[in-house]
Amino acid sequence: MKKFLALGDSFTEGVGDVDAQRPNQVRGWADRVAEVLSAQGDWEYANLAVRGKKIGQVINQQLDQGLSMAPDLVSIYAGGNDILRPTADLDALMRGYEGMVRRFSEAGCTVMLFTGFDTVESPLFSRTRPRTAIYNEKVREIADKHGAIIADYWRWREFSDLRYWAADRLHMNELGHALMASKVLNLLGEEQVAEGNWAEQIQAPVLPELAMNSRGEKLKEELGWATEHLVPWIKRRLTGTSSGDSLSAKYPEYVRLALPAS
């Protein structure tokens, strides 16, 4: 039995892909990948990711537990919440990040890392683009040094389409997570990590028609977004709290996930 372990923050937990029947009420790309791996072969899956976690927290709270679970394949994404904090020392944080990758690599795991998304078209987050670019270069250096697989989110330009994003504009929605799962599965197939005809199990989603909103509708939408998402986010930053403070890992032990009935 092979084991797939996912570590990180909201991106890997699955925030934005709502599913009330699942732990933490989200599904996400990692669950979707695990479903296909289980359908195609003898794979089990665990997910220790929790929304809001920064690099140091992932190292302190997920690394040792993850190593004790002896995964064959481990995905790691952490850093998005650090990039949003201008005072965070990315050089120091990425040294710790590399140490985490090194320990999994030395344990014989296949490691998959993610670059950060290019926010060039985001009015709110475009200012973080230089820090994301630095982060991405560090990730690529670490991957080269330790033989990790790179899931290059930065270069996957399809994700610039707003129809892949949730109402909070910070997380992918159901369509975005489905596309990410398709990308990851194809990457695993190319790297010969797992065998299977992925196209038969999961395909890139079909996008709905773009809504043509009037100027007034757009203003109303902006005000609604600011009230529902931006103000609470700022409040958490000011109070030092996180949306994940009351949550635990979705799947702290290995499970087998079945593909949902179509």
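Student: Is Arg 129 buried, partly exposed or exposed?
Tutor: Arg 129 counts as partly exposed, because its relative accessibility is 32%. Keep in mind that this is a predicted model.

Student: Okay, where is Arg 129 found?
Tutor: Arg 129 is found in helix H6.

Student: And which residues does Arg 129 touch?
Tutor: Leaving out residues up to four places away in sequence, Arg 129 touches Asp 118, Thr 119, Val 120 and Trp 154.

Student: How far apart are Arg 129 and Ile 83 in space?
Tutor: From C-alpha to C-alpha, Arg 129 and Ile 83 are 9.0 Å apart, although 46 residues apart in sequence.

Student: What about Thr 128, is that buried or exposed?
Tutor: Thr 128 counts as buried, because its relative accessibility is 14% and the cut-off for buried is under 20%. Thr 128 is found in the loop between S4 and H6.

Student: Which residues does Thr 128 touch?
Tutor: Ile 83, Leu 84 and Thr 119, again not counting residues up to four places away in sequence. Thr 119 is also on the list of residues that Arg 129 touches.

Student: Let me zoom out. How many helices and strands does the chain have?
Tutor: There are nine helices and six strands in the chain.

Student: In what order do the strands sit in the sheet?
Tutor: The order is S5-S4-S3-S1-S2-S6, in an open sheet with mixed pairing. At the edges you find strand S5 (149-151) and strand S6 (251-255), each pairing on one side only. From one strand to the next, the twist averages 15°.

Student: In which sense do S1 and S3 pair?
Tutor: Strand S1 (residues 2-8) and strand S3 (residues 73-77) pair in the parallel sense, over five bridges. To pick out one of the residues, Gly 8 has Tyr 77 in S3 as its bridge partner.

Student: Back to H6. Which strands does H6 touch?
Tutor: Helix H6 (residues 129-146) packs on the sheet and touches S3, strand S4 (110-114) and S5. The direction of H6 makes about 165° with that of S4.

Student: At what angle do H5 and H6 pack?
Tutor: Helix H5 (residues 90-106) and H6 pack at about 30°, and their axes are 10 Å apart. So H5 is roughly parallel to H6, because angles under 35 degrees count that way.

Student: Is the crossing of H5 and H6 left-handed or right-handed?
Tutor: The crossing of H5 and H6 is right-handed.

Student: Which residues make that contact?
Tutor: From H5 they include Leu 90, Met 94, Tyr 97 and Val 101, and from H6 they include Arg 131, Tyr 135, Val 139 and Ile 142.

Student: New topic: where does Gln 57 lie?
Tutor: Gln 57 lies in helix H3 (residues 55-68). With a relative accessible area of 26%, Gln 57 is partly exposed. Not counting residues up to four places away in sequence, Gln 57 touches Gly 52 and Gln 62.

Student: How far apart are the C-alpha atoms of Gln 57 and Ala 78?
Tutor: They are separated by 9.3 Å, with Gln 57 and Ala 78 being 21 residues apart along the chain.

Student: Last one: what share of the chain is buried?
Tutor: Buried residues make up 48% of the 262 residues. The chain exposes about 13300 Å², with carbon and sulfur atoms supplying 50% of that area.

Key: Residues are numbered from 1 along each chain as its sequence is written. This is a predicted model: local features need pLDDT of at least 70, side-chain atom pairs count only at pLDDT 80 or more; totals for chains, interfaces and linings use all residues. Side-chain values use heavy atoms; hydrogens and water are left out. Helices (H or I, at least four residues) and strands (E, at least two) are DSSP runs, numbered from the N terminus. Buried means under 20% relative accessible area, exposed over 50%, partly exposed in between (1.4 Å probe, protein chains only). Accessible areas come from the Shrake-Rupley method with a 1.4 Å probe; for residues, only the protein chains shown count as cover. Two strands pair if DSSP finds at least two bridges between them. Axes are lines fitted to C-alpha atoms, for helices over the stretch in contact, and angles run from 0 to 180 degrees between N-to-C directions. Contact means heavy atoms within 4.5 Å. Angles under 35 degrees count as roughly parallel, over 145 as roughly antiparallel, 65 to 115 as roughly perpendicular and the rest as oblique. A crossing is left-handed if the near helix is turned anticlockwise from the far one by less than a right angle, and right-handed if clockwise.
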